[in-house]
Amino acid sequence: MKEIYIADLARLLVESQFENKPFDSVYLVLSKQHRTTRTAKPYISLILGDNSGQIEARVWDPLDSRIAPDFAKGDVVKARASASKFEGVLQLKIDLLKKLSPTDYDRADLLPATIYNVDELWRKLETAVASFADKDLKRLIEAVLADPAVRESFREAPAAKQLHHAWLGGLLEHVVSLIGLADRVAPHYPILMRDLVVTGVILHDIGKIHELSWRTGFDYTLEGTLLGHIQIGAALVEQTIDSLPEFPPRLKTLVLHMILSHHGKLEFGSPKLPMIPEALMLNFLDDIDAKMQTIASEFQKAERQGKGSGEMTDKIWALDQRTMLNSRAWLGETGNREQGTGIRE
């Protein structure tokens, strides 16, 4: 296990004489760019990550023999670094860096993972499916999840490469959170078919198990790049439906519409706009959960950067580049990542 994680650095700079003091640690290379200073001196700009977050880093002498010449994005490296702030942003200065083989590090140190127990999350999903009154939707979900490869990937996949729920188990965490939201909202609106909403919740991002890869770092597969998770998910679900005897054709149309329209707008990647109440609600709930979790993650990032409770976050791409204030922290209350989820015991 690592001794110093990225999330520890801001605290260490405040609590001890840690600034510019060298330390060794293991990181995943998330980005590598060769750049030059204003005086035309070459350097390497890096973004390094571990399971607690990510941080900018610089190699000011790329030709130093202590710097591995062949490392790239996606590699795991051991670095001797020192931490400091530049223009208010925490970053690392790298003096030594070597590339590691898979036997030299613990994957759990490098990739962020859900804070929840995956078995318990899975039990909540299965409980939701068991409660279905619609037998056709119930056997559809059970058939999709009966595939061991699908089930294993569903339990482990992130929900995104770098936005909301971008950690191991993030897809399952997101889905269980949405189930909780759906079960609160559906009774309030009698026009909604609860089982259809929850079916959409469980299946809307199923294509991400093939769109994303997560062995070392999170990235898109070739299939994901070329097709995207909406097309992949719709095809997987349609194939499953076609394998089920006497599945109602109209219900098939509605389920596929839920998947195809869940991004809500054509410019957001949905080939169809939501045109049934359940699809519209799925889009709203998906958007709420994604944005709340994104904000929670940005608050954590601001804390890692050493920002105070009265400082705004960096600009958030998913919120039209606006900055956000952690109102709970500003008022002196405490909170953590769980505030961004709808998961309850």
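Which residue in strand 4 is the bridge partner of F23? In this predicted model, local features need pLDDT of at least 70, side-chain atom pairs count only at pLDDT 80 or more, and totals for chains, interfaces and linings use all residues. Residues are numbered from 1 along each chain as its sequence is written, and side-chain values use heavy atoms, without hydrogens and water.

The partner of F23 is A81. Strand 1 (residues 23-36) and strand 4 (residues 76-86) run antiparallel, joined by 6 bridges. Strands are DSSP runs of E of at least two residues, helices are runs of H or I of at least four, and both are numbered from the N terminus. Two strands pair if DSSP finds at least two bridges between them. A closed barrel of 5 strands has the order 1-2-3-5-4, with mixed pairing.

The structure holds 1 cavity of 30 Å³ or more. On a 1 Å grid over the protein atoms alone, a cavity is a set of points where a 1.4 Å probe fits but cannot get out; lining residues have an atom within 4 Å of a point. Grid points are joined across faces, edges and corners, and a volume is the space filled by probe spheres set on the points.

G224 lies in helix 9 (residues 222-227). At 5% relative accessibility, G224 is buried (under 20% relative accessible area, 1.4 Å probe, protein chains only). Beyond its neighbours within four places in sequence, G224 contacts H210, E211 and I232 (heavy atoms within 4.5 Å). L212 is 12 residues from G224 in sequence, with 6.5 Å between their C-alpha atoms.

Technical notes
On a 1 Å grid over the protein atoms alone, a cavity is a set of points where a 1.4 Å probe fits but cannot get out, and a pocket is an open set with protein on both sides within 12 Å along at least five of seven lines; lining residues have an atom within 4 Å of a point. Buried means under 20% relative accessible area, exposed over 50%, partly exposed in between (1.4 Å probe, protein chains only).
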